[in-house]
Amino acid sequence: MSELSGLRIRQLRVSFDGFKAVDGVDLDVRPGDLRFLIGPNGAGKTTLVDAVTGLVKAEGSVLFGDEELLGRSVHKIARSGIGRTFQTATVFEELTVLQNLDIAAGAGRGMLTMLRRRKGVPESVARALETVGLAELADSPAGTLAHGQKQWLEIGMLLVQDVRLLLLDEPVAGMSHDERQATGELLERISEERTVVVIEHDMDFMRSFARSVSVLHAGRVLSEGTVAEVQADPKVQEVYLGHAAAGDVLDTAAPAAVQEA
Amino acid sequence: MTVILGQTFTGISIGAVLLLIALGLSLTFGQMNVINMAHGEFIMAGAYTTYVLQKSITSAGLSLLVALPVAFLVAGALGALLEWLLIRRLYLRPLDTLLVTWGVSLMLQQLARDIFGAPNVQTRAPDLLTGNITLIGGDDPLTVANSRLFILGLAIAAVVALSLTLRMTSLGRRIRGVVQNRDLAEVSGISTERVDRTAFFIGSGLAGVAGVALTLVGPIGPTMGTNIIIDAFLVIVVGGIGQLKGTVIVAFVLGVLQSVLEYSTTVSVAKVLVLVGIVAFLQWRPQGLYTLRTRSLV
Amino acid sequence: MVAGAAALAAAVALSACGAKTDAGGSSDKAAKADTSGDTVKVGLLNSLSGTMAISEVTVRDSLKLAIDEINAKGGVLGKKIKPISEDGASDWPTFAEKASKLIREDRVVATFGCWTSASRKAVKPVFEKNKSLLFYPVQYEGLEESPYIFYTGATTNQQIVPALDYLKSQGKKSIYLVGSDYVFPRTANKIIKAYAAANGMKVLGEDYAPLGSTEFSTIANKVKASKADAVFNTLNGDSNVAFFKEYKSAGLTATSMPVVSVSIAEEEVKSIGSQYLAGQLTAWNYYQTTAGAANTEFVKAYKAKYGQDKPTSDPMEAAYTSVYLWKAMVEKAKSFDPEKVKAASDGITFDAPEGKVTVDGASQHIYKTARIGKIGTDGLIEQVWDSGKAIKPDPYLKGYSWASGLS
Amino acid sequence: MTDSRLPLLKERSALKGRSARAWAGFAAAAVALFALAPLALSDFRLGLLAKYLCTAMVAVGICLAWGRGGLLTLGQGVFFGLGGYAMAMHLKIADAGPGNLPDFMQLYGTATELPWWWQPFANPVFALAATVLLPMLVAALLGSFIFRRRVKGAYFAILSQALTAAFAIWLIGQQATTGGTNGLTDIQGFFGYDLNDPINQRMVYFIIAAALLLLIALARQLIHSRYGELLVAVRDSEERVRFLGYDPANVKLVAYVVAAGMAGLAGALFVPAVGIISPAMIGIVPSIEFVIGAAVGGRASLAGAVLGAIGVAWAKTALSEEFPAAWTYFQGLLFIVALAFLPGGLASLVGMVQRRRASHASEEPSPALPVGEAA
């Protein structure tokens, strides 16, 4: 396993047709952290992740370890060890679980390997299958998996991809209580060797597993610290946690195609 | 100087025809992303409507005026029927839609051949529309054809009507809602099915109107639609999908470009240059002149 | 992979058994036409779909009329003619496929049809290879004498050259050339330029539009700016409609700048409208108004069969005539065998609607009278000039000194 | 380009069974093509079959690029035409004999010697290589622009059509050097063999049949390789693949270029089989027809695409012979029914039957698209 790296974001700005979705974010995630990003809808959480992974153009600076990420293409950023998941689980529905993982493991493969058939199961894939608990379903098409299983498969894909920074967008949305528990424990194990950032609306889940928390509001970082520190911050209470049923309301994930503007 | 001015005017008049043909597509292709290859046959239906109406209305001018709304209804009804029968099964499958509607266009052409005969048919234009207006007199007079002015006026009127419909009416708001986010629109209680069909009705109806206008400048026959349809699609692609203003600008730019190049080279070379230019343009702006930003992954 | 390689190897092995060109031998395997029953089959090869259907369907109708008439009078050599119609679909390889099918599967004794030069060029090798006959009924660009094609439409010296003679006699000193982008207009314009150079005429411009093109505003501008005495128009099909609508819109008229068209017949006049065409000139060998008993009969029979509003035109007449010429050849040869029919062809005459035509056996073209017509407000074309006698076909223009550099 | 979001068939874990069935299908196809067809069909029909097989070769490429890769390949006419013209140019030069110009250039051209860009095609090796490499080169150039700039879906479809139209118009405009609308016709010989001889026509058929089997084998290898899996992944979610560290542009480019090469080879072999290549085989209409065959049969299945292409071409002949005046109704209807109501093509019918036989193993029976069940 390669060395742990942290994420260092400075004055990050993203705007869509004049609307500032991310408006000068400074954020530090230390190596091996399990950081939760929370905040109301439209706070800029997903856009932040989009900017870090190269999906949207941004200004400012994003350093991972010593590498500047901004300005690079998506697949090059991915190759420097950063992986992400999406609000709606995005796996290759027509391929089997095994094939999904094999593809995730193979970005560095040479031409000849690519043109040959897969023989057997690569070792990293087998390990990931065990880790995310999908070994039984290795030959099932990913499209037939239950929602939670798809989320796990996505995490598994990040593991075989051997990323050093995982950016997870609402990994437990739509999961049962037991599944959330299992996912949380999985994330704790993973973060021993990698840096993990989780966007989440589920406050209970956040309280149970977060090592540190950043609260985003209107494109800026409102507050940062441990769960307890953040919960005690009056600014946060005002905009977010103060609302009685905020957690429940915000639990409904917005569809992926919603326009930010 | 007269030449440059003259070609610019010619280009605008070519652009007006392009715009009128493409306008219906800006709704069905631009807003709804449906590649309807039978759009050209809806134009044909509009032209044949004029032909049929002239059999009972002898005044050429009156028949043309009557043909405009009737052709809108005829072509619109054909479009809504097509949407209901086939296209609603094919959203999200663009190439399948293209192939299926191509099959439809084959059948409509043959149907026209069987109903109206294989040869082209004739319509009479009102005398007013076969003449021209002299803008600059003298030895090399600069004239503009009345038929083209009529088409330009019609195109502008159609653009205004369409954009008002999209902006001001609740139907327009519903259409834009569905275009921007189908799921969300459905959740908010909009019947996407009905909106789709209405949008298709209007888009196809505009093709019918274009067909009426085309009887003033071109042939009326079973294959009249196939010759012009790709140009119309290109206007939308270059203008930017879902962007009315892009469609308008690009139609006129392509018209002027075509006419200027044609004057200095040949028709074939001009066509090839324009097509290659379009491909190059899309390298530069792959989403067209104006883009609609969404945060969609797919 | 292995199987593919094996298959390829097998194919290469098989191909080794193929006959080299110079090995000669088995080339006489041409399909023999079937003349055994009391009917013989002939092929009708026209585009019934696609862009060319606007013109070719009427030719098919005209061919059927001739066949019906002949059958009603007892057929050919005592056998009834059974037409097999195939759709060339405005697509040249399809023409080749259907020609092959007619000859080899249906075993027709002769085939009638094709319109565009491209379709004729596509089927020419098929007829030559199978030693079967094609009767081609449309005026064309010349420069061809296939031993298995009879050309019953005009070649260039029976249509284009007389039209130029006429323009010259009318004192026209400068012309503008407008044509569709394919072989007939390009070849025709080469001839026109050679003629003009030799006869003191000026060619002020030359423009080609892709087949099917319907946007002519720029070309109309160019024509207008040239201030030519006349326009020579070799546009085909749909393009004519758009061209003439634009021509009138540009303020050009038959008196200010007349257009001579070689592809506009009564059918096209009907679809463009005399509103746009009245007074313009055409060059053909036949008009619906051509005088003579044979034509009166033909027009009457055609309208009775297909409708009173249906006009007759030059290619339809040439198609109609071609069937009768074939009948006369067969009867003279007393055989359906293509070689014997060819041998019997020279000097065959027929009182066609256009007047008496004679087959020139050497070139397999026919003697035709050239006629210049003026389009009337009633949509009919009135003859204003004719060549007086049937002109001997000269597809390579060997008899014209100014044309020596052309081919 | 997210064209098909079709659910899928359970991959059989028994890879061996699939392989065995593929071999059986392959052997059956070889027997049918090399033994049954030549025995059962007349020379004329065999010639037609050769033509159909050429469209099937294009369909193999379409199956790969569209069926597996989701690329809307509406420009195959260009690649087919490039291959066809490369071959026909060589054959015309050979027909004319050394020092002579091809017949059409003598008639309509002004040149007294071969244009410079014709001259390399006098060399048979160059011409043969060009039939495949030229289309691949053009596809590589075009594809690398288009895929890198992420021109997608409907744009790509319309753009391809514009390019085929431009290419056809350009060819038509160059009457003196390309034969214009007529194209290159009246091709007499094929590398020294006289095409008028039925035996040699048969030989051409066998070469085409062999080439088709070869392309099927090649495509099957690609489809079942890791690359083939990645290609499906790109089709399903291009962005996701990007986040895994691949450049989807390159993945798509390979399939696009291979498909172009296949279309080029098909065009090259079409020339001796039919004796003509013309702009009529290049424009928008033939490009759509190539795709329709594959779509009717089943775009994602090699067997489906190939049989569909042959079937649609055959149906066109048969219908137009039977109903010369009304066949386009039936043809249109066939496309509509097959595509609107059977999204996976006719091959999905086979899939449905198989699933029914496999009974209700899965709780959620989903309409199936057979994944790579190549014969």
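Student: Is the crossing of H12(D) and H13(D) left-handed or right-handed?

Tutor: In this predicted model, the crossing of these two helices is right-handed.

Student: Which residues do H12 and H13 of chain D cover, and at what angle do they pack?

Tutor: H12 of chain D spans residues 284-297 and H13 of chain D spans residues 302-322. They pack at an angle of about 120°, and their axes are 6 Å apart.

Student: Which residues in H12(D) and H13(D) meet?

Tutor: From H12(D), they are D:Ile292, D:Gly293, D:Ala294, D:Val296 and D:Gly297. On the side of H13(D) the list includes D:Gly304, D:Leu307, D:Gly308, D:Gly311 and D:Val312. By class, the contact of H12(D) with H13(D) has 9 nonpolar, 5 polar and no charged residues.

Student: Switching to chains. Which pair shares the most contacts?

Tutor: Chains C and D, out of 5 pairs of chains in contact. Each of the two gives residues to the contact: 47 from chain C and 47 from chain D.

Student: Which elements of chain C give two or more residues to the side that touches chain D?

Tutor: Helices H1 (2-16), H3 (92-104), H4 (117-130) and H6 (183-198) of chain C, along with strand E2 (80-87) of chain C. H1(C) gives the largest share of that side, 8 residues.

Student: How many charged residues are on the side of chain C that touches chain D?

Tutor: That side has 14 charged residues, beside 21 nonpolar and 12 polar ones.

Student: And chains A and C, how far apart are their nearest C-alpha atoms?

Tutor: Those atoms are 13 Å apart, and the two chains do not touch.

Student: While on chain A: is A:Val236 buried or exposed?

Tutor: Buried, because A:Val236 has 21 C-beta neighbours inside 10 Å; the cut-off for buried is 20 or more. A:Val236 is in helix H10 (residues 234-241) of chain A.

Student: Last one, chain B. Where does UniProt place "transmembrane region"?

Tutor: The unreviewed UniProt entry places that feature at several stretches of chain B, including residues 199-220 and 269-286.

Student: How much helix is there over residues 199-220 of chain B?

Tutor: That stretch is 73% helix and 0% strand, with its end C-alpha atoms 26 Å apart. Residues 269-286 of chain B are 89% helix and 0% strand, and the end C-alpha atoms there are 24 Å apart.

Key. Residues numbered from 1 in each chain as written. Chains lettered and ligands numbered in written order. Predicted model: local features only at pLDDT ≥ 70, side-chain atom pairs only at ≥ 80, totals over all residues. Axes fitted to C-alpha atoms, helices over the stretch in contact; angles between N-to-C directions. Helix = DSSP H or I, 4+ residues; strand = E, 2+ residues; numbered from the N terminus. Left-handed = near helix turned anticlockwise from the far one by under 90°. Contact = placed C-beta atoms within 7 Å. Nonpolar A, V, L, I, M, F, W, Y, C, P; charged D, E, K, R; others polar. UniProt positions renumbered as here; feature names shortened; annotations may be inferred. Buried ≥ 20, exposed ≤ 12 C-beta atoms within 10 Å, placed from the backbone.
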